[in-house]
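Hello,

Here is the structure you are taking over. Please have it open while you read the notes below it.

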Amino acid sequence: MQDILTEIIANKRLEVERMKQAVPTAELERQIEEKPLPPCRSMKQALLASPTGIIAEFKRRSPSKGWIKREANPSVIVPAYERAGASALSVLTDETYFGGTLQDLRTARSYTTLPILRKDFIIDEYQLLQARLGGADAVLLIAACLTLEDCSRLLMQAHRLGLEVLLEIHSVEELAYTTLNPDMLGVNNRHLGSFRTDVRHSFEMTEALQNIANASADLCLVSESGISQPETVRRLRAEGFRSFLMGECFMKTDAPGDTLSAFVQAII
């Protein structure tokens, strides 16, 4: 577990190449040109307008915890999340390490009107085309996975497709990526090399983020991972965070929607 991110990205490159051989990029582009796709919903605006800012995540497993809910069904959990008061949704689509699929994304889209984030290790435009065809409204770009140049290219390609971008950083050094002006900026409390999680990381990053927040009145700061207590959300809000990506604390319970509903009531 010392550097699982390197392993994940190596596997993802092979995976994307296999998918391209099965369905070429040109075919996905043709489908987008010919298929009347509805406009993407704005995740950023949904989060800024929400009293809770919770992005509820559909997640079956993780590399560090193993299976969380192996038989989880998006057709059941996604509408329950919406009824419970989620502001937006995140759907894991990595199969090897997280037990997710693109079909989960497509299913989720048919069961909710909320904005949906495709959460994966995006390294290629091909995955952006898949996200748009699958019904995503936004995609995650992870600074630790991409050079600044590659991240800039993918962000522009996402915007051309109508997708918003949640840019994820983990360190002060990665603040350089914020010059790309993403739609949302996330601080991951999980170190992607070791997968250890510590929510104190968001608080430690607040001073470094303050100058960015001052330059953008509508910046949507997202704290990701490791959040399980209403008091933590209240403290993060006081530090300028507007949104909170949460999955495991809901998915590990028998009824994720009910758990989210109780959490929402505790922070409103």
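In which strand is the place of E168? E168 sits in strand β7, which covers residues 164–169. Please keep in mind that this is a predicted model.

E168 is buried but has no salt bridge. The nearest side chain of opposite charge belongs to K119, and it is 5.5 Å away. The side chain of E168 does make a polar contact, at 2.9 Å, with the side chain of N188.

N188 leads on to D198. These two residues are 10 apart in sequence, and their C-alpha atoms are 9.2 Å apart in space. D198 lies in the loop between β8 (184–188) and α9 (200–215). Its relative accessible area is 31%, so D198 counts as partly exposed.

Next, the cysteines. A disulfide is a covalent bond between the sulfur atoms of two cysteines. How many disulfides does the count come to? With a cut-off of 2.5 Å between the sulfur atoms, the count comes to zero. C151 is in no disulfide, and the nearest cysteine sulfur, that of C145, is 9.7 Å away. For C220, the closest cysteine sulfur is in C40; at 17 Å, that is too far for a bond.

Are C151 and C220 buried or exposed? C151 has 0% relative accessibility, so it counts as buried. C220 also counts as buried, because its relative accessibility is 0%.

Regards

Notes:
Residues are numbered from 1 along each chain as its sequence is written. This is a predicted model: local features need pLDDT of at least 70, side-chain atom pairs count only at pLDDT 80 or more; totals for chains, interfaces and linings use all residues. Side-chain values use heavy atoms; hydrogens and water are left out. Buried means under 20% relative accessible area, exposed over 50%, partly exposed in between (1.4 Å probe, protein chains only). Helices (H or I, at least four residues) and strands (E, at least two) are DSSP runs, numbered from the N terminus. Lys and Arg count as positive and Asp and Glu as negative; His and the chain ends are not counted. A salt bridge is a side-chain nitrogen of Lys or Arg within 4 Å of a carboxyl oxygen of Asp or Glu. A polar contact is a pair of N or O atoms within 3.5 Å; within protein, one must be able to donate a hydrogen and the other to accept it, and residues adjacent in sequence count only if both atoms are side-chain atoms.
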